[in-house]
Amino acid sequence: MKRLVLLKTAFAVATALEVFTAFLYISSPLLVFRGGVEGFYSLYTYRIAFLEEVVKSDVLSYTNSMALLATFVYASLQVLAIAAVLSKRLEYIELSFGASLVSIPYYGVLNGLVTVALRELARIPTPARVVTLAGVIEFPETQVVRGPAQAIATALLIALAVKLMLIALVLYIQLRAVRVMARG
Amino acid sequence: MEPSIRVLDIAITFGKSYGIGDVVVWCSTAWYCVMHRVVNITGEFVVTKGDANPVPDPPIPRELVRGKVVLVIPRELWLPPLALLIGFIIYSYRRALMSVLTPALIPLAMYVTVMAIAIALVAPQTGFSLEVPELHLSRTYVEDGGVVCIAVVEYLAKGIEVEQTTDLRVFDKTVPPLHISGASIAFVVPEDIAMRVATKGLKLNVSVEAVLTRKGVLRGSYQITLSPPKPVVRVFNGSLIIENTSCYSLLFNITWVYAELGEPWKHINTSVIVKGGAVQLEPPVNASYIYADVRYLWMGSEFLDRLRVR
């Protein structure tokens, strides 16, 4: 029983850490631009200046709002998962397991949004040299640097794996206990 | 690599000995690998191409090649048994799975529903439509102000403007800009250069290096064709009149030829530079017969006007 409480606490901590990491992930810059294109893009917001002109994209705003919505719904369900796992009613564990599984589609949604955003960001022209009748117009080259979000995504994945492993263990132990109790 | 290797086919690689026509796997990063056919091997580089691709890939170093594809298991061979196995496992544990998964699916279904509705309702309308700013040459000309020649380079600006010049040269001579607006640069043509181009009939060679708005730098060279008016040389009331109303200085070499009755002809040479108006020259001597030979170069040709002054 003690082992089960310990595992449940560990699950609650891992879930809380995962939610914190998720918020950290969406608010950290995914890509940082320097040079002709200046600014950054994160799943929470973006600020991009194309040759000193601040530009807006519906697609990037869409990815931001979707990421925010996905994270808030996911965070609410994780709170539910923690509450259910810490509850004294044993049957809630299945609900907690289901809420934990939401992490998988959540991660998928974020990955999809990142793919959409990267495709949109790839549409930003990065001209270094334009030749016209007026001569050669040179613009500074654009450097694209990966932000800390990549590393945080790895941390999020690890937290997700640990959390799922813990909830699977809790579920297994609890179901076995229920079966033993049912036998007699 | 379709149709040879399709999506979901399993390709097994082995060894690193390969030749032209073999299918190899090469990886540029730990996560990005490509399975394409070798079309050329040159020294330390390999060129591959997907069977369905119209153009080959850029050459890659040989060390990136992980191995040669030796066996391809078609998806028809491994997918049906796998599906049967999964179906069997699900069927065997159906009761246990149902008891756990039914309540567990509620949050999952909630999440998927919320996200599906949101994605369907808030679909993006438009993405980036960014245009690269450009500056085109509109025209170049010289404004003949009589006293000074002002050269103007005009541009057609699209989303970018000229801020300042960093180097402005006329025939390798640096000149300061007179006026810079967003789409034009004006400068005074140095007098010696104006004289040279009008005399020899040259085009004005201008090179511009300018800082543009939006982090741009312009480097351009232009030729300006000139059309100065031809000078007029005439005699009026016993005086020689040389008219050059343009801003281009011209050198006039005058040989005064004079004589008294029954005496031999004598010569006196003088020269004068005229621009932006007229010059009245009196004969240097008082004689009964005076002629003036006026020689000058204009637009690459030499002209000689012989005028009877008296």
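This is a predicted model: local features need pLDDT of at least 70, side-chain atom pairs count only at pLDDT 80 or more; totals for chains, interfaces and linings use all residues.

Next I turned to the contacts between the chains. I found 43 residues of chain A in contact with 36 residues of chain B. Which elements of chain B supply at least two residues each to the side that touches chain A? I noted α2 (94-121), β7 (134-144) and β14 (217-224). Of these, α2(B) gives the most, with 13 residues. I also sorted that side of chain B by class and got 25 nonpolar, seven polar and four charged residues.

Then I checked the layout of chain B. Its domains are domain 1 (10-73), domain 2 (134-224) and domain 3 (232-308). Taken over C-alpha atoms, the centres of domain 1 and domain 3 of chain B are 85 Å apart.

Last, I followed helix α4 of chain A, residues 103-121. Its 19 residues reach 26 Å from first C-alpha to last, close to the 27 Å expected at 1.5 Å a residue. Among the buried residues of α4(A) I listed A:Tyr106, A:Val109, A:Leu110, A:Leu113 and A:Ala117. Why do I say the buried residues of α4(A) line one face? Seen down the axis, they fall within an arc of 135°, so they line one face of the helix. On the other side of α4(A), I marked A:Gly108, A:Asn111, A:Thr115 and A:Arg119 as exposed.

How values were computed
Residues are numbered from 1 along each chain as its sequence is written. Chains are lettered from A and ligands numbered from 1 in the order in which they are written. Two residues are in contact if their C-beta atoms, placed from the backbone, lie within 7 Å. Helices (H or I, at least four residues) and strands (E, at least two) are DSSP runs, numbered from the N terminus. Ala, Val, Leu, Ile, Met, Phe, Trp, Tyr, Cys and Pro count as nonpolar, Asp, Glu, Lys and Arg as charged, and the others, Gly among them, as polar. Domain bounds come from an automatic or database domain assignment. The expected span of a helix is 1.5 Å times one less than its number of residues. A residue is buried if 20 or more other C-beta atoms lie within 10 Å of its own, exposed if 12 or fewer, and partly exposed in between; C-beta atoms are placed from the backbone. The arc is that of the directions from the helix axis to the C-beta atoms.
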